[in-house]
Amino acid sequence: MKKLFVTLAVALLSTGAFAQDKSSGCGAGWQVTKSMTTSGSSTRSLTNATFSQGLAMTSGTSGCAKHDIVMQEKQKIHYVESNLVPLRREVAMGEGERINALASIWGCQNADSLAPSLKRNYRRVFYKKNPSEVVKGLDALLAGCSLNV
Amino acid sequence: MIPLLIFLSSLATSIASEDLFRTQWIRSLHKDNQKNKAFWFTGSGDDPDLELKATISAFNAKENFDSNNHAQCLYPGRRMLIERHLGTKLFPHSKCPDYDQWIHRLNPQGVSVVFAGNYPDNPGSLFGHTFLKFNTAGAAGSNLLDYALNFSADVRDEIGFLYALKGLSGGYFGWFSLDPYFMKVNEYNEGEGRDIWEYETTLGPEEARLILSHVWELRQRAQFKYYFLSENCSSFILNLLDFARPEWNLQTQMPWYVIPLETVKVLHHRSDRVRKTTYRPSVRLRAQHAFTQLSFQEQTGVKRILDSKDGLTDETDPKTLKVAAMQIAAIHSRKDGSLPQALVEKEEDVLLRLSELSSESLLKNNELPSPHDGHDITQVSIGAVHDERTAFLLGYRPGVHDLNDYATGYLPYSELSILDSSLRVDHKNLEFQKIDFLSMTLLRPWTVNEKEWSWGAKVSYQGNSQLFAKNADQFLGEALLGMASVTQDSLLLGFLAGTYISAGELNLDQSLGLMAQTHLIWNEDTWKSVNGMKFYQDLNHTQTDSYQLVPYSNLAFHDGPNLDYQAKFVWPVYTPGLHRTPAQLTVEIEYHF
């Protein structure tokens, strides 16, 4: 009874609030994931679908969450595409956590020395470049890294 | 029950292990909330013993052995449990190409519970959001390459009332998603301006792996209804943690509703559960903070860059450029990622110039008080009220936070109060003083850089309402929109205007009109003073007075987050000169738990 009462009251009163929800996640336990986030949908094709294949058949969740762990061979482009805006900001500033993660993906041992070198090459690698151009630029710049691994 | 014990006693390595297995096994079956009968080999989760036998027999099947469709590959969580506790001799271990690759790539080392703070643009998120993070052996100095597991409702196109009603009554199914953690950080920190706290639990690699393998099997066959209040993102997290570490029994420590903030507290309050807390301020907060660290001259420089119409100014100070870049990022987070082309180009140019200058690190952000430091959500109160007569007050509020409460851990100057009720008791009467079904307020500073509206809404039932001196029971609805400003000493001034509607038993009680409200809030660590004035203007002329002023003043002393001593003074004033209602003084002690 209490539940029903609260349900009705909250539903009635908060209709507007729910309708405006654009975020992903369940928030109050109320806020609900919009199935496709902007970054999610653009990178969907790059990720493994294995996780949800079986499920889609049985629980009606097909169309959601095809993204799963990122395929190894797509890791670089997926990372750059998802992080381009904050990544190039960090690179231009010469510091940031996304540079460390980038170092790991490109197999660079020394993330600390990577930041200044990326900063020096900002114009060449990042300035007005799209994600695949950035990946190409990084591949060229960091070719030495993967050799060390 | 007994057969299971007999069956196990021949297999389990010790009594302790047997008990542990038994609890974990039963929890892995989700008897109460799992909706798809095909998830259980026996068609129901009622008999764990039978289900165990059926599972072991399915695991022995020759068909599909070493392929993805073998029962062992559909239920790797059950397999892991059985092998761990009952030994590896019950069935030959099948290869599972997809699962093996998946778990190998994830290679989880531990589990964190991640809390994303409130989202000012959406009142529904005043409680925050939680998800799990599986800590992989990723990059040094960064956990961005970890993986985040999110449980949420599968909602596609519903909007409005139906959406809310369906969500609250279990009309949606829940689903899991697994994403690289950087996508979540980008979504919350960058995209929505929300702060993130990570609570690294004491769960180890094997427990992390157990959870993931169990989630794999849930993804294959299980189906869960999603209830916004009770079976939501947070309750599922507790479910999974309880499965991996049965003795925590986190779920039993929750009321029937589970809100994200509370799950964080229940974890954090015990040192054996959380190893480390990490804070990630949102880009908005970082930009704000960096801006306040600048000199006046530098601040002017930042504004010049942001305001310039034609390309970049000739700014060459790296610090100014840096903060300008952060301000643009903060604007990103408000525009849902889509920036006007001119601003995108400006950002590119600012960054290019910045990259060519050497710059030092900006000052680090002061850490915000963490969500787990806030007051608990259920409130009981006892007090006395004096107006025409004196009476005792008994109050109860299931959730969550109001403007007078201890502010730490909640969105500043916000209120989300549900079913705030009080009873008035004296020697002859017992009556409702009020029930505020829902009261929401969000006061946000309107600044040059952040032009954000403040608003408030309330639906309540007032016993002996003093609105227009009716002295009768009334329903009252209010909706307000306005602006606020906050000074450096955390003094808030706000002005909101809107409309109200009131209804009672008599025709004379109906009123519809305009209203306005001012706020003056002074917030210190140990006390808080909330003052203001409400103004009602009746439009349908059913009232003898055409307008009414209600000034009020509330002073609260905080003894820690959970205990408040409060005094409130209200003095309704009518058409000038006519004071028909006595002033009302209330003193109360509030306790949160």
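Visitor: Between which helices of chain A is the loop in which Met71(A) lies?
Guide: This is a predicted model, in which local features need pLDDT of at least 70 and side-chain atom pairs count only at pLDDT 80 or more, while totals for chains, interfaces and linings use all residues. Residues are numbered from 1 along each chain as its sequence is written, and chains are lettered from A and ligands numbered from 1 in the order in which they are written. Helices (H or I, at least four residues) and strands (E, at least two) are DSSP runs, numbered from the N terminus. On that basis, the loop holding Met71(A) lies between helix 4 (50-59) and helix 5 (75-93) of chain A.

Visitor: What does Met71(A) count as, given its C-beta neighbours inside 10 Å?
Guide: A residue is buried if 20 or more other C-beta atoms, placed from the backbone, lie within 10 Å of its own, exposed if 12 or fewer do, and partly exposed in between. Because Met71(A) has 14 such neighbours, it counts as partly exposed.

Visitor: How many helices and strands are there in chain B?
Guide: Chain B has 593 residues, of which 45% are buried. Its secondary structure comprises 15 helices and 20 strands.

Visitor: What is the order of the strands in the open sheet of seven strands in chain B?
Guide: Two strands pair if DSSP finds at least two bridges between them, and in this sheet the pairing is antiparallel. Strand 6 (225-226) and strand 7 (274-280) of chain B each have a single partner strand and stand at the edges, so one side of each is left without a neighbour in the sheet. The order is 6-4-3-2-1-5-7.

Visitor: Which residue in strand 6 of chain B stands opposite Tyr172(B)?
Guide: Strand 4 (residues 172-180) of chain B pairs with strand 6 of chain B in the antiparallel sense, over two bridges. Across this pairing, the residue opposite Tyr172(B) is Tyr226(B).

Visitor: How many of the nine residues of helix 11 (residues 260-268) of chain B are buried?
Guide: Among the buried residues of helix 11 of chain B are Pro260(B), Leu261(B) and Val264(B), and what covers the buried residues includes strand 1, strand 2, strand 5 (196-201), helix 10 and strand 7 of chain B. Helix 11 of chain B is largely enclosed by the rest of the structure because the number of its nine residues that are buried is seven.

Visitor: At roughly what angle do the axes of helix 13 (residues 296-307) and helix 14 (residues 318-334) of chain B cross?
Guide: Axes are lines fitted to C-alpha atoms, for helices over the stretch in contact, and angles run from 0 to 180 degrees between N-to-C directions. Two residues are in contact if their C-beta atoms, placed from the backbone, lie within 7 Å, and the residues that meet here include Val302(B) and Ile305(B) in helix 13 of chain B and Val323(B) and Ala324(B) in helix 14 of chain B. The axes of helix 13 and helix 14 of chain B come within 9 Å and cross at roughly 50°.

Visitor: How are helix 5 (residues 76-86) and helix 9 (residues 205-221) of chain B oriented to each other?
Guide: Their axes are 6 Å apart and the angle is about 140°. Angles under 35 degrees count as roughly parallel, over 145 as roughly antiparallel, 65 to 115 as roughly perpendicular and the rest as oblique. That angle therefore makes helix 5 of chain B, relative to helix 9 of chain B, oblique.

Visitor: In strand 19 of chain B, what is the bridge partner of Tyr552(B)?
Guide: Strand 18 (residues 547-559) of chain B runs antiparallel to strand 17 (residues 527-538) of chain B, joined by 11 bridges, and Tyr552(B) in strand 18 stands opposite Gly532(B). Eight bridges also join strand 18 of chain B to strand 19 (residues 563-570) of chain B, again in an antiparallel run. In strand 19 of chain B, Tyr552(B) has as its bridge partner Val570(B).
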